[in-house]
Amino acid sequence: MPINNFREDEQSKEVVKMVTIKRLFSYMKDYKKDVLIVLAFMVVIIGISIINPILIMIAIDKYIRNNDYKGLVIIGSIAMVNNIIAYVLVKKRIIIMSRVSNEILMKIRQELYQHIQQLSFNFFDNRPVGKILARVIGDVNSLKVILTNSVITLIPDFATIIVVMIIMFSLNAKLALVGLCLLPVLILGMYFVEVRAHKRWQIVRKKNSNINAFTHEDFSGIRVVQSFAAEKQTSNTFRQLLSEHQASFFSAVKLNNLFWPMVEISWGIGTALVFMLGVDMRETGEISVGLLVAFISYIGMFWRPIVNLSNFYNQLITNLAGAERIFEILDTKPDIKDIEQAMIMPNILGNVEFNHVTFGYVPNTHVLENVSFKIQKGETIALVGPTGAGKTTIVNLLSRFYDINEGSILVDGMNIKDVTIESLRQQMGIMTQDTFLFSGTIKDNIRYGKLDATDDEIIEAAKAVHAHEFILKLENGYDSKVNERGTKLSVGQRQLIAFARTLLSKPKILILDEATSSIDTHTERLVQKGITALLKNRTSFVIAHRLSTIQKADRIFVVDKGGIIEQGNHEQLLEFKGIYYNLYMAQFKAIS
Ligand SMILES: Nc1ncnc2c1ncn2[C@@H]1O[C@H](COP(=O)(O)OP(=O)(O)O)[C@@H](O)[C@H]1O
Ligand SMILES: [Mg+2]
């Protein structure tokens, strides 16, 4: 597999966007009470940790000096109670935040799922399923990291730094200045490292998503991989992607590891300077021993959160990218949507009309150009033509999976744009070559065509398409599971089930897009009756390769070069001696 396919979006930019953060936190507004509690806890926790050095100061200056054991015991007890309270609150805070962020996550997942489900074909055309999965699973998890960590880490750490700084300056401004003198240098250094580290982490993330995309595609296409005996090659590609990820990871980590020493050095130098100056000041009586000791511990309290914050920044960037991707999807409007005054389409008869329809999947390239035709209810139309001619496109447009650029499509005289998509598609039955069965029983899968169908209706539909016989032969009959180990169905059998499903939905307009092409001739003869049953009393579009299916159509459209270039029934078209005639002769010769 060409490895470059998995490197498509390595160039994208990542920046911290306040809008994204704001939007993310807007989900917290239902949890105001919890957040307030957590913030209140935070105030208490910070208060307690701030008091501790003061207690030590008092202990040294007042009680140890005067050998006051009683005083020491009191101070010690206060410190102990303080610490127990702080410990309990820290734990509680984590529990509350985990609950809140989990609930928000659930909400976003649901929102995302519902939203993706109603997006148009166009959205799915442009995205591999693996990437969509990554959004719903992986990216949502990254939101959790932001939500929890920012409340548990970011805000408290920030508050601690500010409060400690104020205390240090109010205790002794001179010592404070000395102790923090390297802060500007550190901030500058951090900035330089951060800019570079950020770029490298960005690469790590891209490499990681390459691995995900590749794995997904490789396993989805495992049959192709194995049948071409390409396992060795794909393994090599995979190894290469892994080692690229590894290399980028190390190069990022190397930079990040510069942080610790930088902070430690600033911290160490600050402490040493405070000691040196403090001892002098103590000798001149400017400060007490207790204050010096308290000061040293405040310096520690100041520098430690700085390390946390610098780590958090990177985490934030990583996870914000995830948040942005999620919001991007949530903001994707379905291309195909109901107009404001969309009507519910009444039960239709099945007259179809294309009026000067022009359409292209991408701007400026038309797949169909000025196509017009009229079909009476109950007619069976066969579409033939070379691959890529636009047969599938025509039926996709009728189901309004895409909107046309020019012209109009009418069903029973109503423009399909004026009615709700739901009411339009409910009256259509679409079967394509790749039948999709959901995991569940055969019965469930047939019932999908009409959710409130009785078992009898299901069996009746199965009988009509001649699926009943083979279903009965299965060990569990209609309750046999599909898409799981156990019952393995052939492609043809799966297709028969899909036929029953479609028949059950009693569509007024039926579309069979190469629906029988994976059925062998023998089975096809078997389902031919089923198909005939399917076609009866409804307008049908049949796209098929086999002339046997085509011949019976009321009219045959030959699609090519952006339009319908020949039409008529089988005999008429043979007489016409055009493209259809040639197609027919070629296949006829091939068979005989
Ligand atoms: N989702 C799509 N996005 C872009 N181009 C498409 C898409 N589907 C089909 N096409 C293009 O439109 C043309 C008609 O395709 P299609 O209607 O599927 O042909 P047919 O069914 O006759 O084989 C082809 O050139 C094809 O490449
Ligand atoms: Mg097609």
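What follows is a chat about the labels and the values behind them.

Guide: First, some ground rules: this is a predicted model, in which local features need pLDDT of at least 70, side-chain atom pairs count only at pLDDT 80 or more, and totals for chains, interfaces and linings use all residues. Residues are numbered from 1 along each chain as its sequence is written, while chains are lettered from A and ligands numbered from 1 in the order in which they are written.

Visitor: How do you know that the length of helix α5 agrees with its number of residues?

Guide: Helices here are DSSP runs of H or I with at least four residues, strands are E runs of at least two, and both are numbered from the N terminus. The expected span is 1.5 Å times one less than the number of residues. Helix α5 (residues 129-171) has 43 residues and should therefore span 63 Å; its end C-alpha atoms are 60 Å apart, which agrees.

Visitor: Where does α5 bend?

Guide: At S150, by about 50°. The bend is the angle between axes fitted to the seven residues ending at a residue and the seven starting there. S150 is also one of the buried residues of α5, which include L147 and V151.

Visitor: Why is strand β10 called largely enclosed?

Guide: Five of the five residues of β10 (residues 539-543) are buried, so the strand is largely enclosed by the rest of the structure. T539, F541 and I543 are buried on one side, and S540 and V542 on the other, which leaves both faces covered.

Visitor: What makes β10 a paired strand, and which strands does it run parallel to?

Guide: Two strands pair if DSSP finds at least two bridges between them. Four bridges join β3 (residues 380-384) to β10, in parallel, and five join β9 to β10, also parallel. I543 of β10 is the bridge partner of L383 and of D513.

Visitor: What makes β2 and β5 edge strands?

Guide: The open sheet has four strands in the order β2-β1-β4-β5, with antiparallel pairing. β2 (368-375) and β5 (414-415) each pair on one side only, and that makes them the edge strands. Two bridges join β4 (residues 406-411) to β5, with M414 in β5 as the bridge partner of V411.

Visitor: Which residues surround ligand 1?

Guide: Being near means that a residue's C-beta atom, placed from the backbone, lies within 6 Å of the molecule. Among the residues around ligand 1 are D125, Y361, G388, K391 and T392. Helix α12 (residues 391-398) gives the largest share of the shell, three residues.

Conventions: Buried ≥ 20, exposed ≤ 12 C-beta atoms within 10 Å, placed from the backbone.
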